[in-house]
Amino acid sequence: PKLARGAGPMGILGVVAREAVERDEVLFKIPASLHMSFLTCQDIFPELSAAIRNVDRISPPRRQETVLCCCVAKLLGEMADAGREADDQDLQHDEWPALWLEYSRALLTG
């Protein structure tokens, strides 16, 4: 396969190309509903998102970025609390995409 799980030159875990990538070549697609973005975080964490958007001390241009950062922090925190070897039954959030749970597990155990 052209792609593999691994670490790039800086040692950051992710997906790496094992062969040259052509200009405009599509390697894979991820549905928008699985993206970790302001919009998906707002849908999955509406109360957290609303609370952050209402903090006057956060400049308006930074609020969406702050929502995303807090979403990732919440996800990682809950995964860490459940234990690094948590079963899916131990951390069951139907509203969270399974990919997000796997992403957080990979970051914590990476």
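Colleague: Which residues does Phe-45 touch, not counting residues up to four places away in sequence?

Modeller: Phe-45 touches Cys-71, Lys-74, Trp-96 and Trp-100, leaving out residues up to four places away in sequence. Contact here means heavy atoms within 4.5 Å. A word on the source. This is a predicted model, where local features need pLDDT of at least 70, side-chain atom pairs count only at pLDDT 80 or more, and totals for chains, interfaces and linings use all residues. Residues are numbered from 1 along each chain as its sequence is written, and side-chain values use heavy atoms, with hydrogens and water left out.

Now the place. Phe-45 sits in the loop between helix 1 and helix 2 (46-53). Helices are DSSP runs (H or I, at least four residues), numbered from the N terminus. Phe-45 is buried, because its relative accessible area is 6% and buried means under 20% (exposed is over 50%, partly exposed in between; 1.4 Å probe, protein chains only).

Next, the core. A nonpolar core is a set of buried Ala, Val, Leu, Ile, Met, Phe, Trp, Tyr and Cys residues joined through side-chain atoms within 4.5 Å. The largest one has 13 residues, and Phe-45, Trp-96 and Trp-100 touch the most other members. Helix 1 (38-44), helix 3 (60-82) and helix 4 (98-109) each give two or more residues to this core. Helix 3 gives the most, with 4 residues. In soluble globular proteins, nonpolar side chains tend to be buried together.
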